Amino acid sequence: MKELLHELQIPYPWNVQHIQHRQKKIVVELGRASVPYDCPKCGKNASVYDTKARTWRHTNLMNCRIELIADIPRVECSTCGMHTIVVPWAYLRSRNSIMFELWVYKNYLFWGGDNIQQLSKWIDYHPPSIERIGKHYQRQECLKELIDDLWVDSQFFASVDPESILPTSAVEQIRESKSVQRSPSQKKRISLGRGRYEEEYDDDCMF
Ligand SMILES: [Zn+2]
């Protein structure tokens, strides 16, 4: 367990609160130091409106499935309104960590084609989702050099923070590549009561 905590490299102000074995997986509960939140749009200090528990699939470690869980707040900015905060390890509303997707992509390159079913069993992930992740990252021409040279091996490497192996600009490009896939029609207005609304996408960001 100590080794696992070390490998995860949780970026400040986030930290590990609790690690639990549940059947064939390890669930890592993340918490956050009590420092103020910033608005994800303009960067100004913003107050917490409410929180929602979220789960992300993370890169396997030693062939064991890892899940991250954390309470993620929506913050209210006096200028920009209500927005869910962006965590360092995932896209907004994603169910995977970015590192998980890069790991799936690397395996897709290595095992793709006829071996998808085998890969699916090995990493315990649906073949169509493996294909979608593989093809999505293959399309990112500007990231090709950076991503294709990465060593993402679940036997030895489980960092939660994509910036531990990629420059900040590359991580921003990865986030951007996912967000542009969405169409405005996927947006909906969510009532927050008292005449206030938040604009949100109505699907979870899934591969
Ligand atoms: Zn703002």
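Two residues are in contact here if their C-beta atoms, placed from the backbone, lie within 7 Å. Keep in mind that this is a predicted model.

Q: Leaving aside neighbours within four places in sequence, which residues is L8 in contact with?
A: Setting those neighbours aside, L8 is in contact with V16, V28, A158, S159 and V160. L8 itself lies in helix α1, residues 2–8.

Q: What makes L8 count as buried?
A: Let's check the number against the cut-off. A residue is buried if 20 or more other C-beta atoms lie within 10 Å of its own. L8 has 25 other C-beta atoms within 10 Å, so L8 is buried.

Q: How many residues does the protein chain have, and what percentage count as buried?
A: The chain has 207 residues, and 24% of them count as buried.

Q: Why is α2 called roughly perpendicular to α4?
A: Helix α2 (residues 98–111) and helix α4 (residues 127–138) pack at an angle of about 90°, with their axes 9 Å apart. Angles of 65 to 115 degrees count as roughly perpendicular, so α2 is roughly perpendicular to α4.

Q: Which residues make that contact between α2 and α4?
A: From α2 come E101, V104, Y105 and Y108, while α4 brings I130, I133, G134 and Y137. They split into six nonpolar, one polar and one charged.

Q: What pattern does the protein chain follow along the sequence?
A: Reading along, you get α-β-β-β-β-β-β-α-α-α-α-α-β-β. That's six helices and eight strands.

Conventions: Residues numbered from 1 in each chain as written. Predicted model: local features only at pLDDT ≥ 70, side-chain atom pairs only at ≥ 80, totals over all residues. Axes fitted to C-alpha atoms, helices over the stretch in contact; angles between N-to-C directions. Helix = DSSP H or I, 4+ residues; strand = E, 2+ residues; numbered from the N terminus. Parallel < 35°, antiparallel > 145°, perpendicular 65-115°, else oblique. Nonpolar A, V, L, I, M, F, W, Y, C, P; charged D, E, K, R; others polar. Buried ≥ 20, exposed ≤ 12 C-beta atoms within 10 Å, placed from the backbone.
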